[in-house]
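Notebook open, structure loaded. I'm jotting down what I looked up, in the order I looked.

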Amino acid sequence: MEQSNVLRVPAGISHVVLDTPGGMRGLELARTVMLADAVLMPVCDSVFDRQSAAACHAELMTLPRIASGRCRLGAIGMRLDGRSNGAATQRAWAENLGMEYIGSLRDTRNYVRSSERGMTVFDLSTKLAGTDHAQWQTILDWLRPTLWPPVPTVEEKSRPIVKRTTPQSTLLRTASTRTPVEKSASAAAPAAPETLTPPAGEHAVPSFLRKNP
């Protein structure tokens, strides 16, 4: 995929899906991974597809962004027959490679029907495509930490903030945010101990704050 063939992202768009061709290798694959925060590898249930995907996985693991975990990688079982054990076969294959298996998508005419109308499977009613929506939800849940930073709950917001000093804290990279690595303060000037006020009704001191006898 040449850089000159990539369209400029319109204003207001936070996430982009790059649908790359199968069999991508070498410099072209490396360039694409440099633009990605997550890679989804669809694999059909045949020995030939799994062999090709295994070769691609081996090459992906040589790329620094994949090997370091900065770009997530997962496999998806494609066009699986619900009457067979295809999903179990695909999961075992992925786990044998050390690759995360995200979920399975069944073989259904719903994808054909929706594309013929210029729609997606999500535009179809739950009655018609409820099973497909549920299968995709598993994939979306896997992508969620990459696409959207976690939102703290009301309970988490009410808790006292405990600051911990570590040599280096690596922050999650998302498709919409590029946050530099946060570095701790110099060890030569240790921070004064903080005073924590437990929430009302709680008087126990956390174990990591108790002084050794």
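I began with R83, which is exposed at a relative accessible area of 77%. This is a predicted model, so I'm reading the side chains as modelled. R83 makes a salt bridge with D81, and the closest N and O atoms are 3.1 Å apart. I checked D81 too: it is partly exposed, with a relative accessible area of 35%.

Next entry: salt bridges over the whole structure. My search gave five. Side chains of opposite charge can pair when their charged atoms come close.

I then went to D132 and R106, whose side chains meet in a salt bridge at 2.7 Å, N to O. D132 sits in helix α6 (residues 126–147) and R106 in strand β3, so this pair ties together parts that are 26 residues apart in sequence. Is D132 buried or exposed? I get 0% relative accessibility, so D132 counts as buried.

Staying in helix α6, I looked at D141 and R144. Their side chains meet in a salt bridge as well, at 3.8 Å, N to O. The two are three residues apart in the helix, so about one helical turn separates them. D141 has 42% relative accessibility, which makes it partly exposed. R144 is also partly exposed, with a relative accessible area of 38%.

Back to strand β3, since R106 had taken me there. β3 covers residues 100–106, and five of its seven residues are buried, so the strand is largely enclosed by the rest of the structure. Which way does strand β2 run relative to β3? Parallel: five bridges join β2 (residues 72–80) to β3.

Rings next. R72 lies over the face of W142, 4.1 Å from the ring centre. I also searched the whole structure for aromatic pairs and found one.

Last entry, the surface. I found a nonpolar patch of about 410 Å², made by V9, I13, V16, L18 and L35. I followed up on V9, which is in the segment before α1 (26–34). V9 is partly exposed, at a relative accessible area of 44%. Patch residues need over 30% relative accessible area, so V9 at 44% clears that cut-off.

How values were computed: Residues are numbered from 1 along each chain as its sequence is written. This is a predicted model: local features need pLDDT of at least 70, side-chain atom pairs count only at pLDDT 80 or more; totals for chains, interfaces and linings use all residues. Side-chain values use heavy atoms; hydrogens and water are left out. Rings of Phe, Tyr and Trp (its six-membered ring) pair if their centres lie within 6.5 Å; planes under 30 degrees apart count as stacked, over 60 as edge-to-face and the rest as tilted. A charge sits over a ring if NZ of Lys or CZ of Arg is within 6 Å of the ring centre and within 35 degrees of the ring normal. Patches are made of residues with over 30% relative accessible area and no salt bridge: like charges are joined within 9 Å, nonpolar side chains (Val, Leu, Ile, Met, Phe, Trp, Tyr) within 5 Å. Accessible areas come from the Shrake-Rupley method with a 1.4 Å probe; for residues, only the protein chains shown count as cover. A salt bridge is a side-chain nitrogen of Lys or Arg within 4 Å of a carboxyl oxygen of Asp or Glu. Helices (H or I, at least four residues) and strands (E, at least two) are DSSP runs, numbered from the N terminus. Buried means under 20% relative accessible area, exposed over 50%, partly exposed in between (1.4 Å probe, protein chains only). Two strands pair if DSSP finds at least two bridges between them.
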